[in-house]
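Please read this report with the sequence and the structure open beside it. It takes up a few places one after another and then turns to how the chain is divided.

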Amino acid sequence: MAHPHLRSEDPELERATRSGLPSLVLAALGVVYGDIGTSPLYAFREALRATAGTGSHRDNVLGILSLIVWALTIVVTVKYVTFVLKADNRGEGGTLSLMTLARDSLIGRPVWVLVLGVAGASLFLGDAIITPAISVLSAVEGIQVVAPGLSAWIVPFTLTIIALLFFVQRFGTGGVAAVFGPVMALWFLVLGVSGAIHILDDPAVLWAVDPTHALRYAASNAGTTITVLGAVFLAVTGAEALYVDLGHFGRKPIVAAWFILVFPCLLLNYFGQGAFVLSNPEMATHPFFGMHPDWAKIPIVCLATAATVIASQAVISGAYSLVRQAMHLNLLPRLQILHTSETHSGQIFMPQVNSFLFIFVVALVLHFRNSSGLSAAYGIAVTGEMLITSVLLYVVMLRIWNWRTAAAAAVVVPLFLIDAGFLAANVAKFADGGWVPVAVACTMGLIMHTWMSGRRLLTARTKTEEIPLSSIIDKLAKKKPLTVPGTAIFLASDVEGAPTALLHSLKHYKVLHEQNVILSVVTATTPFVPDEEKIFLASFNPLFSRLVITFGYMETPNIPRALALVRKLGLKFDIMSTSFFLSRRTILPSKKGGMPFWQDRLFIVLAQNAGNATDYFGLPSGRVVELGLQTVL
């Protein structure tokens, strides 16, 4: 039974859908396919380098090409395009969406699915620091072919481009994004045309579509197969972007772009590089740039650089989006989110995430200094994430699509084994640089684990000190304190308990407002929540009301905007005479119990650096009252 494609409640997606399939296909080229589209710069070259000095040159070329063709076919076309893109959470994709979908379908929402989701998100961030470094560096290395005397300037040029790329993030990508699609369309056409021309150098290269070439090559080159597979995998890095960006474009434009332009042009280019290298074995060190005529080399370097900047931009935007999802799912502390567009809610800038990525990308370029060195670091994070996607896809097939166990296993087990093979090949590169994304992913995983554990402990500590809201309301009804005009909204994390800010306000001011609203904000397991389902309002008595606002994990939780919906339910108030009361906690480490002392300290540092609730919820700063208290973790 096929999974019905649920319409996203995202108005941005609805506007985009109305704009027509061709324009969406063009936009998808600029965002979704940047990473996989720049792989021809280095994937075939690195696989050739891994075979240097072994076997027949022709057999090596045909074997590598066959591996690349079938990797693109099985991993991208079969796994992602045919199956994974159908596993949407109300139109949204990505590891966290798939994790939420799978977890909600299982009884008791098991922790192991959450662990897989956290691991997948962490691995994506590990990958996000490598893509800008290897993509831009591999494009700028074209200078070596055009003007060998400028080779010493490759790293400075790369760092300058990367610095500019991260600097302009704060201004938003709306204006530049309009040219992303056309530039990438031109890039894929150039890939296809240049490859098709060089296939004529040795048309027999087309026999690489026969998978027996891949199998024969793997069998006769057992010593180098693992290394070659690690390099071949570079051709499919970026496949996860098809799923991550599902919510921006929908399945149809992504699939159409793949079959109409991306897949054919990638195949033509790889075949063209293979035929060129068969005719010119001495050009194996730089087949991509070498196969272009001298008059085209400078334009190709410029176009390649533009394509790699676009690929990097897509990964950076994806990192922002993933971190925002993780924040709303309480996997990470609140970080500052700046909206760079008045019309597109998805266009955001996160200063802390931007700085984190920039520092690591620059460090990678300075450490490895060339794309061949960086290729060793590439792959582990992506293969790990793909492996997790296969496991979660199996759960979705069984629990949501209602497939039989045998049918689901027949699809997922071969895909899982292929992912596991690629992971094993990339693990072999661990000492040469593969440890970098693993270290980043482990650090992010530790941060997420610490934040979730610390929040659980903090909630448990708070509950022991909490007074039920009902008992407070009963006491105040019997002995009504002095009231003052206006409305007070008390933010509470627990739907049942009395907000600490309310208790402290009564203790210090000994007065109540004539209208008091206990407000809790809840994040749904769906990406978007329609307006008619956002608000729950209940009145306890004329003095107190309970308000619960539910946001989707892809939405920006703007309380004042949501309060406009509350008026329709009969709660009358003037926003300019309304005060918002919040608790500001000072967390102290515990001497015994709880988490280890170092983890306590890490949680406290994360809490101290979290964005304040006023900015996060879009509250008018002049109407906010914060009351402080101390809690021992």
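## A buried loop residue

Leaving aside residues up to four places away in sequence, Ala235 touches Ile36, Ser39, Ala43, Ile68, Leu72 and Tyr270. The model shown here is a predicted one, and in it Ala235 belongs to the loop between α13 and α14, the latter spanning residues 240-244. Because its relative accessibility is 1%, and buried means under 20%, Ala235 counts as buried. From C-alpha to C-alpha, Ala235 and Leu266 are 9.2 Å apart in space, while 31 residues separate them in sequence.

## Helix α13 and its neighbours

Helix α13 covers residues 222-232, and its axis comes within 8 Å of the axis of helix α22, residues 405-427, with a crossing angle of roughly 105°. Since angles of 65 to 115 degrees count as roughly perpendicular, α13 is therefore described as roughly perpendicular to α22. On the α13 side the residues that meet the other helix are Ile226, Leu229, Gly230 and Val232, and on the α22 side they are Phe422, Ala424, Ala425 and Asn426. Sorted by class, this contact of α13 with α22 holds six nonpolar residues, two polar ones and no charged ones.

Which residues of α13 are buried? They are Thr224, Thr225, Val228, Leu229, Gly230, Ala231 and Val232. The elements that cover these buried residues include α4, α5 (57-83), α12 (211-220) and α22.

Is Arg45 buried or exposed? With a relative accessibility of 3%, Arg45 counts as buried. When residues up to four places away in sequence are not counted, Arg45 touches Glu141, Ala284, Thr285, His286, Pro287, Ser371 and Ser372.

## Helices α7 and α8

The axes of α7 and α8 come within 4 Å of each other and cross at roughly 30°. Angles under 35 degrees count as roughly parallel, and so α7 and α8 are roughly parallel to each other. Their contact is formed by Gly126, Asp127 and Ala128 from α7 together with Ile130, Thr131 and Pro132 from α8. Divided by class, the residues of the contact of α7 with α8 are three nonpolar, two polar and one charged.

Why can helix α8, residues 130-140, be called largely enclosed by the rest of the structure? The reason is that 11 of its 11 residues are buried. Among the buried residues of α8 are Ile134, Val136, Leu137 and Val140, but also Thr131, Ser135 and Ser138.

## Partly exposed loop residues

As a background to them, most residues other than glycine have a negative phi. Arg109, although it is not a glycine, has a positive phi of about 40°, and Arg109 is found in the loop between α6 (95-105) and α7 (111-128). Its relative accessibility is 36%, so Arg109 counts as partly exposed. Asn330, which is not a glycine either, has a positive phi of about 65°, and Asn330 lies in the loop between α18 (294-328) and β1 (338-339). With a relative accessible area of 35%, Asn330 is partly exposed.

A further loop residue, Trp153, is located between α9 (143-146) and α10 (154-167). Its relative accessibility of 47% is the reason why Trp153 counts as partly exposed, because that class lies between the limits of 20% and 50%. In sequence, Trp153 and Val244 are 91 residues apart, and in space the distance between them, C-alpha to C-alpha, is 35 Å.

How is the protein chain divided into domains? It is divided into domain 1, which covers residues 23-452, and domain 2, which covers residues 467-632. The centres of domain 1 and domain 2, taken over C-alpha atoms, are separated by 42 Å. The contact takes 23 residues from domain 1 and 27 residues from domain 2.

The area buried between domain 1 and domain 2 is about 2200 Å², and carbon and sulfur atoms give 60% of it. In domain 1, the residues that lose the most area to domain 2 are His328, Arg334 and Thr450, which together account for 34% of what that side buries.

How values were computed. Residues numbered from 1 in each chain as written. Predicted model: local features only at pLDDT ≥ 70, side-chain atom pairs only at ≥ 80, totals over all residues. Heavy atoms only, no water. Axes fitted to C-alpha atoms, helices over the stretch in contact; angles between N-to-C directions. Helix = DSSP H or I, 4+ residues; strand = E, 2+ residues; numbered from the N terminus. Parallel < 35°, antiparallel > 145°, perpendicular 65-115°, else oblique. Contact = heavy atoms within 4.5 Å. Nonpolar A, V, L, I, M, F, W, Y, C, P; charged D, E, K, R; others polar. Buried < 20%, exposed > 50% of the residue type's maximum accessible area, 1.4 Å probe, protein only. Domains from an automatic or database assignment. Buried area = accessible area lost by both parts, 1.4 Å probe.
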